[in-house]
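Subject: Structure for your review

Dear colleague,

Please find below the sequence and structure that I am handing over to you. My findings follow directly after it.

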Amino acid sequence: MKIFNRARQRPSATWRQTTDRAFTLIGDGRLDDAGALLVRATDLEPWLSDSWFNLALLHKFRRDWDQARAAGLRAVALLDRGTGSGAPDWWNLGIAATALQDWALARRAWQAYGLRVPPGDGPVRIDYGMTPVRLSPEGESEVVWGRRLDPARVEVLSIPLPSSGRRWGEVVLHDGSPHGERVADGVPYPVFDEIELWAPSPVPTHVVLLQASTESDRDALERIVSEAGYAAEDWTSSVRLLCRACSESRMASDDGHSGAHDPHDDGPLGRLSHHAQGELWVPERECGVAAPAGLVEQLLDRWVAESPARRAYRDLEEVC
């Protein structure tokens, strides 16, 4: 086809103007209007990979994964020969494929990007270790910690605040471009933004006020709940309030008592930490507990029974 003889790196001025206007509209939240312009851009320069990459990106913003996959496949098919490793076209295609659980295509995309992916037919599993992820980035945003399962999914291991609408154990789809860093034990970790919930958790979140005479009393509850296969977290020491600019910058994330208690960075309605290095211990603690409703009270009673003179709880409530 004659169209493929044109110089790919020099799209028309009309294409550039149309595309620039589309991204201005995306920035204003006018995705439908932007979509019409990006479709026009594919008509103007159908041979150009960027035309389809931009359209796939818009469909990702709209969470229209079937269309994102279709446009993404057109984009990678038009990449210049030799282009592949490190091309964002493949990364966005991998995200769309993961959202759709199209594991064959996800593997192909990650490998073409340049990642080592184990063979198999089911979900991609790559141990990328712990990472911070920003939940609900367009709303009551909160940065929590989780286990990165593959290039586009994180299992949430912190207990999110109820304002985020997320639960412990949920798997979220995340974007590939980090916004900010958290430094734990001197190691920087990129912060990825959640795109959407990928797999919900059946485990509800409860909030409870503890009377814990010492840090070891608080730690005992976390141990008891963990041994039962669930999680408890002292929100009084693990939640801190950050503005958006700070949240998206490089922040230290070690609160001084263990790697399991990296602070959440909550949005404008978050709670301020009551415990900082060098301060006296405050016995009243607001604690999040992720456990089934029929079990959580039993675990708290067991915790109190171990040392009733030093421990108590009240105001237990399911919040998410």
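I begin with helix α7, which has 13 residues and reaches 18 Å from its first C-alpha to its last, close to the 18 Å expected at 1.5 Å a residue. The expected span of a helix is taken as 1.5 Å times one less than its number of residues. Helices (H or I, at least four residues) and strands (E, at least two) are DSSP runs, numbered from the N terminus.

Please note that this is a predicted model, in which local features need pLDDT of at least 70 and side-chain atom pairs count only at pLDDT 80 or more, while totals for chains, interfaces and linings use all residues. Residues are numbered from 1 along each chain as its sequence is written, and side-chain values use heavy atoms, with hydrogens and water left out.

Within α7, the buried residues are Asp 217, Arg 218, Ala 220, Leu 221, Glu 222, Ile 224 and Val 225. Buried here means under 20% relative accessible area, exposed means over 50%, and partly exposed lies in between (1.4 Å probe, protein chains only). The cover over these α7 residues includes β8, β9, α8 (235–238), β13, α10 and β14. Just after α7, Gly 229 takes a positive phi of about 95°.

The four-stranded sheet

An open sheet of four strands has the order β9-β13-β8-β14, with antiparallel pairing; two strands pair if DSSP finds at least two bridges between them. Strands β9 (231–234) and β14 (311–318) stand at the edges with a single partner strand each, so one side of each has no neighbour in the sheet. On average, neighbouring strands of this sheet are turned by 25° against each other, direction ignored. Axes are lines fitted to C-alpha atoms, for helices over the stretch in contact, and angles run from 0 to 180 degrees between N-to-C directions.

Helix α7 (residues 215–227) packs on the sheet and touches β8, β9, β13 (284–290) and β14, and its direction makes about 160° with that of β9. Contact means heavy atoms within 4.5 Å. Helix α10 (residues 293–306) lies across β8, β13 and β14, running at about 170° to β14. Its buried residues are Leu 295, Val 296, Leu 299, Leu 300, Trp 303 and Val 304, and these pack against β8, α7, β13 and β14.

As to the pairing itself, six bridges join strand β8 (residues 205–212) to β14 in the antiparallel sense, and Val 207 has Glu 317 of β14 as its bridge partner. Strands β9 and β13 run antiparallel and are joined by four bridges, with Asp 234 opposite Cys 287 in β13. From β9, Ala 231 and Glu 233 point one way and Ala 232 and Asp 234 the other way, and all are buried.

Which residues touch the most other members of the largest nonpolar core? Of its 27 residues, they are Trp 65, Trp 90, Ile 95, Trp 110, Val 124 and Leu 173. A nonpolar core is a set of buried Ala, Val, Leu, Ile, Met, Phe, Trp, Tyr and Cys residues joined through side-chain atoms within 4.5 Å. At least two residues of this core come from each of α4 (65–77), α5 (88–99), α6 (103–113), β4 (171–174) and β7 (192–199). Helix α5 gives the most, with seven residues. A second, separate core of 17 residues includes Ala 220, Leu 221, Ala 232 and Trp 303.

Helix α5 is mostly covered, as eleven of its twelve residues are buried. Leaving aside neighbours within four places in sequence, Ile 95 is in contact with Lys 60, Trp 65, Trp 110, Ala 152, Leu 173, His 174, Asp 175, Gly 176 and Ile 195. Just after α5, Gln 101 takes a positive phi of about 60°.

Two further residues and the chain overall

His 59 lies in helix α3 (residues 49–61) and is buried, with a relative accessible area of 10%. Cys 320, in the segment after β14, is 117 residues from Val 203 in sequence and 9.0 Å from it in space, C-alpha to C-alpha.

The protein chain has ten helices and 14 strands, and 48% of its 320 residues count as buried.

With kind regards
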